[in-house]
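Here is a short briefing to read beside your sequence and model. Could you keep the structure open while you go through the points?

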Amino acid sequence: MYIKSIVLEGFKSYAQRTEICDFDPLFNAITGLNGSGKSNILDSICFLLGISNLSQVKREGKFKSGFLYVTNLIRLVLFLSKKKKKGFICLDSSVVVGGRNKYLINGVNASNNRVQDLFCSVGLNVNNPHFLIMQGQITKVLNMKPVEILAMIEEAAGTRMYECKKVSAHKTIEKKEAKLNEIRKIIAEEISPTLEKLKEVRVSYLEYQKITREVENLRRIYVAFQYVHAEEMKDHSANALKEAQVNKKKILESMAENEKKIKELGQQIAEMEKKNDKEFGAKLHSLEVTLSELQRADAKAHSDLDHKTQNLNSEENKRKELVKIMEEECKALTSKEKEIRKIQEGLNGLQEESEKDAEALATAQQYFNAVSAGLSSGTSDQGTSLADQMMTWKNEISKAVTEAKQAQMKLKYTQQELKAKQAEVRKMDRGYKEDQEAFEAIRRTKEKIEDEIKKLRYEDTEREVHVAKKKVLSSEISSLRVLCESITAKHPYLQFQYRNPENNWNPKRVKGLVVTLVTVKDISTAKAIETVAGGKLYNIVVDTEATGKKILEKGQLKHRYTIIPLSKISAKCIGCEIITLAKKLIGHLDVHIAISLIDYNSELQKAMEYVFGTTLVCSNMDKAKRVTFDKRIMKKAVTLQGEIFDPQGTLRASSHVTPILSELKILRESEDKLKMKMFQLEAVEKELANLQSVAEK
């Protein structure tokens with residue numbers, strides 16, 4: 001390499017454009033008067049080469065433009081040429097505003113380090129202290145020690161640059177190692193404990209969500225139970241109200257009839273009283289006088305009778321006691337009849353005695369008429385006067401009359417009591433008949449209800465079986481929900497959410513994530529399928545390019561997604577000949593194309609070929625290696641464990657993370673089981689409702 005030409009403009013004493021040409025490839029000398037600019041040419045070469053050690057170069061920061069000193073744009077152009085390769089290397093250098101140097105290599109911007117590396121590669125290290133040997137330094141160079149001479153030779157050979165770079169590379173590695181250790185320490189001391197805490201918080205939050213859902217479910221069940229219970233109470237109250245209104249109407253009607261009867265009886269009583277006053281007025285007056293005397297004596301008897309009447313009314317509702325009371329009253333009736341008979345016999349005796357007394361009175365009257373005064377002339381034992389005998393007989397007569405009246409009053413009272421007891425007995429007989437009829441009606445109703453229950457075939461054991469089945473189904477549904485929610489929370493990116501970009505948007509235009517559109521046929525191939533898809537597993541499949549553009553612009557997506565339009569995507573799937581050749585090479589059951597291991601909708605064929613149609617899945621690493629590097633095949637292969645073999649020579653190991661496709665398959669199976677269990681639970685609840693209605697009937 002040698003200098004072809006130099007162009008100076010605005011550099012020190014060269015204010016105008018100056019071009020120096022015709023350099024000799026081997027040796028050049030610059031001669032001239034003092035101050036003519038010989039050193040400035042050498043300084044321009046050093047400046048262009050990017051020298052940073054200015055201890056041996058006389059360089060000023062001000063440059064000439066005409067006769068003025070300025071600090072604006074300075075430009076220096078140097079043309080270099082190589083001997084072996086025909087052509088030139090053009091190197092430009094200038095000072096821009098702010099004092100910063102600007103370099104261009106063949107018109108392309110370059111840094112100072114790149115310029116220095118370029119010249120160091122051809123043995124020109126401008127920062128070498130022996131790059132320029134100034135006046136007075138030749139003797140110093142000749143007297144240099146062997147070590148210094150070796151260093152100068154290394155600098156001249158260009159190996160020194162690599163040693164410096166090696167040292168700087170070691171320093172950089174040490175710094176990076178220190179930084180890496182610091183990062184590992186931060187991860188171990190701060191991030192890992194925080195992640196553990198966050199995992200615990202997540203588990204607690206999932207448990208809290210589960211409990212919240214259970215509480216909400218129980219609250220809804222309780223509200224539903226209260227509502228049903230209130231409805232039942234409402235129906236029962238409405239029926240009771242209707243029955244009470246009917247009973248009220250019946251009672252009002254019976255009261256009206258009783259009032260009419262009372263009025264009629266009152267009229268009849270008034271008429272009877274008038275007749276009795278006309279017929280028995282005088283007798284009644286005399287009897288009232290005697291009655292007033294007897295009422296005082298009979299007050300105590302009336303109070304006892306009233307007390308017994310009250311006791312009788314309080315015991316009317318008790319059927320057995322009424323029967324006993326009826327028997328007792330019958331016995332009392334017979335005893336009263338016996339007493340009446342005795343009183344009647346006594347009355348007959350008194351009447352006979354009264355007749356005898358009347359006869360005696362007649363004889364005594366005759367005797368009184370015969371004897372005008374004085375002592376009676378009777379038997380020898382009669383020593384009383386006639387007046388005394390009259391008084392005695394009058395007293396006996398009044399006494400007999402009083403006893404007769406008392407006997408008549410007792411007879412009348414006993415007859416009235418007998419009538420009342422007979423009326424009560426008849427009333428009790430009617431009540432007994434009514435109770436007997438009601439009992440028969442209830443017995444018939446009971447037999448009818450028992451027959452209906454037998455027809456309905458209601459059994460308590462069947463209800464208990466359904467209740468136990470409901471509990472089992474509820475627990476299974478709860479566990480399935482927890483499993484689905486845990487998988488969904490573990491993989492939040494499985495849910496693609498967007499806002500409808502326009503009115504009357506058809507959601508069928510967006511098919512969804514690739515991971516949700518495929519189903520693995522065999523769970524053992526899930527890891528290989530996920531490795532084949534890679535990042536494409538989370539791409540969004542849409543019907544057209546316009547749909548994808550609308551989703552990206554107006555869908556308000558929360559994350560970055562890649563769109564796969566079915567109308568525009570095209571993929572070159574592995575041909576049948578290559579697949580047949582691979583199967584012949586390692587076996588029919590040991591190699592498959594990835595797209596044949598999944599199920600999907602036929603309208604997604606292009607998207608599936610784009611994602612899964614360019615990779616083979618092999619059973620192990622040896623067979624995958626044979627298929628990949630076979631010159632007739634040369635296609636990328638993936639093992640069931642997730643190792644990737646590329647025809648370009650790269651190999652990537654698998655990770656130990658559970659494949660998302662297997663978890664997604666578990667999620668779908670759990671959701672299907674959940675739907676089936678929910679359907680069974682609804683059927684059991686319907687059966688329980690039917691049994692409840694049967695039980696209520």
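The buried residues of α14 pack against α12 (576-586), β15 (616-618), β16 (637-639) and β17 (644-645), where contact means heavy atoms within 4.5 Å. Buried stands for under 20% relative accessible area, exposed for over 50%, and partly exposed for what lies in between (1.4 Å probe, protein chains only). Helices (H or I, at least four residues) and strands (E, at least two) are DSSP runs, numbered from the N terminus.

This is a predicted model, so local features need pLDDT of at least 70 and side-chain atom pairs count only at pLDDT 80 or more, while totals for chains, interfaces and linings use all residues. Residues are numbered from 1 along each chain as its sequence is written, and side-chain values use heavy atoms, leaving out hydrogens and water.

- In helix α14 (residues 621-628), the buried residues are A624, V627 and T628. They cover an arc of only 95 degrees around the axis, which puts them on the same side of α14; the arc is that of the directions from the helix axis to the C-beta atoms.
- N620 caps the N-terminal end of α14, with a side-chain oxygen 3.4 Å from the backbone nitrogen of D622. A polar contact is a pair of N or O atoms within 3.5 Å; within protein, one must be able to donate a hydrogen and the other to accept it, and residues adjacent in sequence count only if both atoms are side-chain atoms.
- D630 lies in the loop between α14 and β16, and D630 counts as buried at 14% relative accessibility.
- The side chain of D630 reaches the backbone nitrogen of R632 at 2.9 Å.
- D630 and L585 are 45 residues apart in sequence, yet 9.3 Å apart in space, C-alpha to C-alpha.

**Helix α13**
- The buried residues of helix α13 (residues 605-612) are A607, M608, V611 and F612. Seen down the axis of α13, they fall within an arc of 105 degrees, so they line one face of the helix.
- Their cover includes α9 (514-517), α10 (526-533), β11 (540-542), β12 (563-565), β13 (591-593) and β14 (598-599).

**T414 in helix α7**
- T414 sits in helix α7 (residues 386-456) and is buried, with a relative accessible area of 12%.
- The side chain of T414 reaches the backbone oxygen of K410 at 2.6 Å.
- Not counting residues up to four places away in sequence, T414 touches K336 and I340.

**Positive phi angles**
- Most residues other than glycine have a negative phi.
- N504, not a glycine, has a positive phi of about 55 degrees; N504 is in the loop between α8 (460-490) and β9 (510-513) and counts as exposed at 80% relative accessibility.
- M634 also has a positive phi, near 50 degrees; M634 is in the loop between α14 and β16 and is partly exposed, with a relative accessible area of 34%.

**The chain as a whole**
- The secondary structure of the chain comes to 15 helices and 18 strands.
- Of the 697 residues of the chain, 23% count as buried.
- Among contacts between residues at least 6 apart in sequence, 60% join residues at least 24 apart.
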